[in-house]
Amino acid sequence: MANQARRATMAGACNDPGVSISEPQLPDPGLYGPDSMTWRIHGDPAMALAGFRSLLLQGVHPLVMAGFDANSLFREDPWGRLRRTGEWIATVTYGTTDEAEQAGRVLRAVHAGLRPGIEPETGRAYRVDDPDLLLWVHCTEVESFLSPFRRCGGRLEPGDGDRYVDEMRVSAQLVGLDPEVVPRTEAEIEAYYSRVRPHLRVTTVARRNALWGFVPPMPRRVELTTPARPAWATLVGIAGAMLPRWARRLYGLPGLTVTDLTATVSGRVVRTALTALPETWVQSPAQRAARQRIATAGRAA
């Protein structure tokens with residue numbers, strides 16, 4: 001939204017006879033830019049936990065889980081599914097405005113082409129592109145990215161959380177939501193959770209997928225010669241412990257204060273360890289490319 005306004009202002013300036021059209025254009029930072037909360041949070045090592053937490057939390061909505069299970073190749077190609085999700089987040093976060101908008105058009109077209117379904121345990125009909133389901137996915141994603149960042153020791157000044165939630169309404173628009181109905185603040189997300197909680201439950205499909213998520217298929221060589229298997233299970237376990245207490249109880253997990261404390265301490269250890277690694281190991285290629293794009297355009301200007 002902010003970038004669209006900036007582009008409109010620039011276009012107007014180019015039509016102003018008092019402004020030379022030979023003036024260099026500002027680099028396109030994409031939908032957010034390096035000064036945004038979105039860049040800060042999505043580029044943080046805590047995202048290693050945030051993604052798992054988001055998937056587990058989304059799974060307690062029966063219709064979302066049914067749509068995911070019916071239309072995803074997650075069990076057949078888990079790494080491809082996770083890679084595509086990561087590419088979506090990276091493109092929307094760090095891509096140019098045109099790249100992000102194109103990704104949104106593709107996603108909306110895919111959703112629109114999927115068949116309606118019936119959730120077997122509740123008997124309720126659903127459509128993958130139903131705004132109510134899209135809103136659940138959006139809110140759980142935003143809250144799941146923000147909460148581990150805070151709990152793992154990410155720096156937040158007063159108001160930064162609300163700023164992030166508000167920024168992410170741009171990505172909600174890309175998937176087909178009206179940004180005016182999307183929460184703008186952390187308090188509005190919590191109010192939304194309160195409204196929707198009576199409709200949530202962990203179905204057989206959700207429980208099966210959650211358990212499967214702890215032990216996804218791995219190449220035999222990787223499983224035997226690296227710590228990938230226990231490391232993966234540890235990250236998923238910490239992410240599950242970071243769920244809201246009410247969500248943990250739906251999964252049959254302890255909703256205790258000690259679980260919250262243990263998850264927070266464990267998350268900080270993970271983030272500290274990842275932060276100590278060379279930046280090139282933990283910074284995504286999309287973020288590096290975006291910074292290079294902006295720096296190159298800035299030098300050219």
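This is a predicted model: local features need pLDDT of at least 70, side-chain atom pairs count only at pLDDT 80 or more; totals for chains, interfaces and linings use all residues.
Threonine 140 sits in helix 7, where it is buried, with a relative accessible area of 0%. If we set aside its neighbours within four places in sequence, threonine 140 is in contact with Ser54, Leu57, Gln58 and Tyr193. Its own backbone oxygen is in turn reached by the side chain of serine 144, at 2.8 Å. Serine 144 also belongs to helix 7, and because its relative accessible area is 0%, it counts as buried. With the neighbours within four places again left aside, the contacts of serine 144 are Ala50, Arg53, Ser54 and Leu57.

Let me turn to the nonpolar core. The largest one has 54 residues, and those with the most contacts inside it are Leu57, Val60, Trp136, Tyr164 and Trp246. Helix 7, which spans residues 131–151, gives the most to this core, contributing 9 residues. As for tryptophan 136, beyond its neighbours within four places in sequence, it is in contact with Leu57, Gln58, Val60, His61, Val64, Tyr192, Tyr193, Val196, Leu200 and Trp246. There is also a second, separate core of 8 residues, which includes Ala46, Ile238, Met242 and Ala263.

What covers the buried residues of helix 4? That helix runs over residues 62–71, and its buried residues are Pro62, Leu63, Val64, Met65, Ala66 and Gly67; the elements that cover them include helix 3, at 47–58, strand 2, at 125–126, helix 7, and helix 11, at 204–214.

Finally, I come to the packing of helix 3. Helix 3 and helix 13, the latter covering residues 228–241, pack with their axes 8 Å apart and at an angle of about 60°, and that angle is why helix 3 is described as oblique to helix 13. The crossing in which helix 3 passes helix 13 is right-handed. On the side of helix 3 the contact is made by Leu49, Phe52, Arg53 and Leu56, and on the side of helix 13 by Trp232, Leu235, Val236, Ile238, Ala239 and Gly240. I would point out that Arg53, which takes part in this contact with helix 13, is also among the residues in contact with serine 144, and that Ile238, on the helix 13 side, is one of the residues of the second core.

Technical notes
Residues are numbered from 1 along each chain as its sequence is written. Side-chain values use heavy atoms; hydrogens and water are left out. A nonpolar core is a set of buried Ala, Val, Leu, Ile, Met, Phe, Trp, Tyr and Cys residues joined through side-chain atoms within 4.5 Å. Buried means under 20% relative accessible area, exposed over 50%, partly exposed in between (1.4 Å probe, protein chains only). Helices (H or I, at least four residues) and strands (E, at least two) are DSSP runs, numbered from the N terminus. Contact means heavy atoms within 4.5 Å. A polar contact is a pair of N or O atoms within 3.5 Å; within protein, one must be able to donate a hydrogen and the other to accept it, and residues adjacent in sequence count only if both atoms are side-chain atoms. Axes are lines fitted to C-alpha atoms, for helices over the stretch in contact, and angles run from 0 to 180 degrees between N-to-C directions. Angles under 35 degrees count as roughly parallel, over 145 as roughly antiparallel, 65 to 115 as roughly perpendicular and the rest as oblique. A crossing is left-handed if the near helix is turned anticlockwise from the far one by less than a right angle, and right-handed if clockwise.
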